[in-house]
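The sequence and structure follow.

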Amino acid sequence: MTDVVDSDELLRRIQRGRTYARAEQLAWREREEDLRTADPDGAREALVRATAYEAVLRVLDEIVVPGGHEGDVGVKPE
């Protein structure tokens, strides 16, 4: 893929990614809750996936709002 995009298009793509990551995170968290008693292994897998989407969401949030989430990760900026 060699498309050249301007900053507005890049921001739109990042925002779509954030929206998708948020929806997936919520869906996997809900699935984890549903499987917690019936299928502990499935619940663990769902929790891992939800956590992965949470990490992606945090990265995309940091791109859109730099430094806005410093307290979330417990790391002081240099």
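This is a predicted model: local features need pLDDT of at least 70, side-chain atom pairs count only at pLDDT 80 or more; totals for chains, interfaces and linings use all residues.

The buried residues of helix α1 pack against α2 (40-64), with contact meaning heavy atoms within 4.5 Å. Buried means under 20% relative accessible area with a 1.4 Å probe, protein chains only. Helices are DSSP runs (H or I, at least four residues), numbered from the N terminus. In α1 the buried positions are Glu-9, Ile-14, Ala-21, Gln-25, Trp-28 and Glu-32. An α-helix has 3.6 residues a turn, so residues three or four places apart point the same way.

On the α2 side, Gly-42, Ala-43, Ala-46, Ala-50, Leu-57, Leu-60 and Asp-61 are buried, and these pack against α1.

The axes of α1 and α2, lines fitted to C-alpha atoms over the stretch in contact, come within 8 Å and cross at roughly 155°, on a scale from 0 to 180 degrees between N-to-C directions. That angle makes α1 roughly antiparallel to α2 (over 145 degrees).

Confidence is given as pLDDT, from 0 to 100 for each residue. The protein averages 88, and 86% of the residues score at least 70. Helix α3 (residues 70-73) has the lowest confidence, at a mean of 56, while α1 has the highest, at 96.

Residues are numbered from 1 along each chain as its sequence is written, and side-chain values use heavy atoms, without hydrogens and water. Local features need pLDDT of at least 70 and side-chain atom pairs count only at pLDDT 80 or more, whereas totals for chains, interfaces and linings use all residues.

Note on methods. Buried means under 20% relative accessible area, exposed over 50%, partly exposed in between (1.4 Å probe, protein chains only). Helices (H or I, at least four residues) and strands (E, at least two) are DSSP runs, numbered from the N terminus. pLDDT is the predictor's confidence in each residue, from 0 to 100. Angles under 35 degrees count as roughly parallel, over 145 as roughly antiparallel, 65 to 115 as roughly perpendicular and the rest as oblique.
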